[in-house]
Amino acid sequence: MSIDLEIFSPVQQIHDKLFDEQDLKVFIKRDDLIHPLLSGNKWRKLKYPLKQAMAENKAHLVTFGGAYSNHLLATAAAASRFGFRSTGFVRGEEVNNDTLFLCRLHGMQLIFTNRESYRDKPALFEKHFGNDANAYFIDEGGASALGAKGVSELLSELNESYDHIFCACGTGTTAAGIINGINFQKLKTRFHGVPVLKNGEFLRTDINHLLEEPVEYDLHTDYHFGGYAKTTGDLIRFIKRFVSSTGILIDPVYTGKMLFAVYDLAAKGHFPKGSRILAVHTGGIWGLLGMKEKFGE
Ligand SMILES: *Cc1c(COP(=O)(O)O)cnc(C)c1O
C-alpha cells in the first residue's frame, strides 16, 4: 500500500472590518480539511515516518501523547488507514475521554504511564517493545526531521505569494518545516510562530535544530494565555466570534491562539499597509471537545 493522502487544503480569505481598516489581506490555509482525524500538520508530520516504517517492514507504530493529544489520534487514524497496528503511551492516570475513545475505535492499544516514566520515551519503548521487531518509534507530537520534511511540502501547494505566514507552535516541528519550505522555494515570506506554551522562546533552539539553513523568523511569545491548553475569557470570546462569523471551526489549544495573535497584531498596526498574511489552520479541532465547559452557554 502506498502511503499518501490526496491533499485538500484550499486557501480562503478571511474577511473582517479590522483587516479592511488596516489595509491587510488575510488568508487561511485549511489543513484542517485534509482529513477529519488525521488532520492538519499531523498528517504532514506522519507522512515520511510512516513511509520509513513501511520501508523497514515495521508493522506496529508506537507513539506517545497526553490524554487529549491530536497526535495520538492522528497516529491511530493513520495506522488503521495504512494497515499498521498502533500503541499509544498516554501520559498520566487511566482516564477516558472523546480523544481516547476515538483512538481505541481505530484499534490503538493504550498504555497509561505515570509522569515519571513517561519522561524517558526511548526507555518505555525499549521496555515494552524491545523484543518486537515490528515496532516503530514515533516521538511525541511527531517531532522529527522527517516530520519537518513533510510539512515543508505545504509551501509547494501555494499559488500566490504572501508577505507573512503564521502557525501555532507546540514542538516547533511544523514551524521548522514551513521555514524550510519557504527557503526551498526561495520565497520572501516572513515566518511567524505563535508558541502555545509559556516562555516559548525556548522553542528557538528546537526549531533551529531542524532548519536546513539559518533563517530569521519571529516568535510571538505573548499569546499562550497562561500556558499549554490554558484559556482565558478573551480567547474564548475571540473563538466564538471567529467561528460564528467565518464558519471555520478552530480549537482553543493551537489555532485559536495563533489567530488571536494575527488579529491582535493587526489591530496594533504591526503589519505594513497592503500586507498579505497567510495563517495555517493546523487542524486539531477535536481539542474543542475536551474544553466544552470553558465555553459556557
Ligand atoms: C500538534 C499541533 C500543533 C503543534 O505542532 P508542532 O509541530 O508540534 O509545533 C499545532 N496545531 C495543532 C492543531 C496541533 O494539533
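1. The buried residues of helix α7 have α2 (40-55) and α8 (173-184) among the elements that cover them. Helix α7 itself spans residues 145-152, and its buried residues are G147, A148, G150, V151 and S152. Please keep in mind throughout that this is a predicted model.

2. Stepping back to the chain as a whole, you will find 11 helices and 10 strands. The C-alpha atoms fill a box of roughly 60 × 45 × 35 Å along the principal axes. A compact globule of 297 residues would have a radius of gyration near 19 Å, and the chain agrees with this because its own value is 19 Å.

3. Next, burial and contacts. Of the 297 residues in the chain, 55% are buried. If you take the contacts between residues at least 6 apart in sequence, 74% of them join residues at least 24 apart.

4. The accessible surface of the chain comes to about 13600 Å², and carbon and sulfur atoms account for 50% of that.

5. Now to the aromatic side chains. A search of the whole structure finds 18 aromatic pairs. One of them is F125 with F129: the ring centres are 6.4 Å apart and the planes meet at 55°, so this pair is tilted. Both residues sit in helix α6 (residues 121-129), four residues apart, which is about one turn of the helix.

6. A second pair to look at is F238 with F260, which is edge-to-face, with 5.3 Å from centre to centre and 70° between the planes. F238 belongs to helix α10 (residues 233-246) and F260 to helix α11 (residues 255-267), so the pair ties together parts that are 22 residues apart in sequence. F238 counts as buried at 8% relative accessibility, and F260 also counts as buried, at 17%.

7. Finally, a word on backbone angles. Most residues other than glycine have a negative phi. F225 is not a glycine, yet its phi is positive, at about 55°. F225 lies in the loop between β9 (218-219) and α10, and it counts as buried at 13% relative accessibility. A229 is found in the loop between β9 and α10 too. The phi of A229 is near 65°, again a positive value in a residue other than glycine. At 27% relative accessibility, A229 counts as partly exposed, whereas F225 is buried.

Notes. Residues are numbered from 1 along each chain as its sequence is written. This is a predicted model: local features need pLDDT of at least 70, side-chain atom pairs count only at pLDDT 80 or more; totals for chains, interfaces and linings use all residues. Side-chain values use heavy atoms; hydrogens and water are left out. Helices (H or I, at least four residues) and strands (E, at least two) are DSSP runs, numbered from the N terminus. The radius of gyration is taken over C-alpha atoms; the globule rule is 2.2 Å times the number of residues to the power 0.38. Buried means under 20% relative accessible area, exposed over 50%, partly exposed in between (1.4 Å probe, protein chains only). Contact means heavy atoms within 4.5 Å. Accessible areas come from the Shrake-Rupley method with a 1.4 Å probe; for residues, only the protein chains shown count as cover. Rings of Phe, Tyr and Trp (its six-membered ring) pair if their centres lie within 6.5 Å; planes under 30 degrees apart count as stacked, over 60 as edge-to-face and the rest as tilted.
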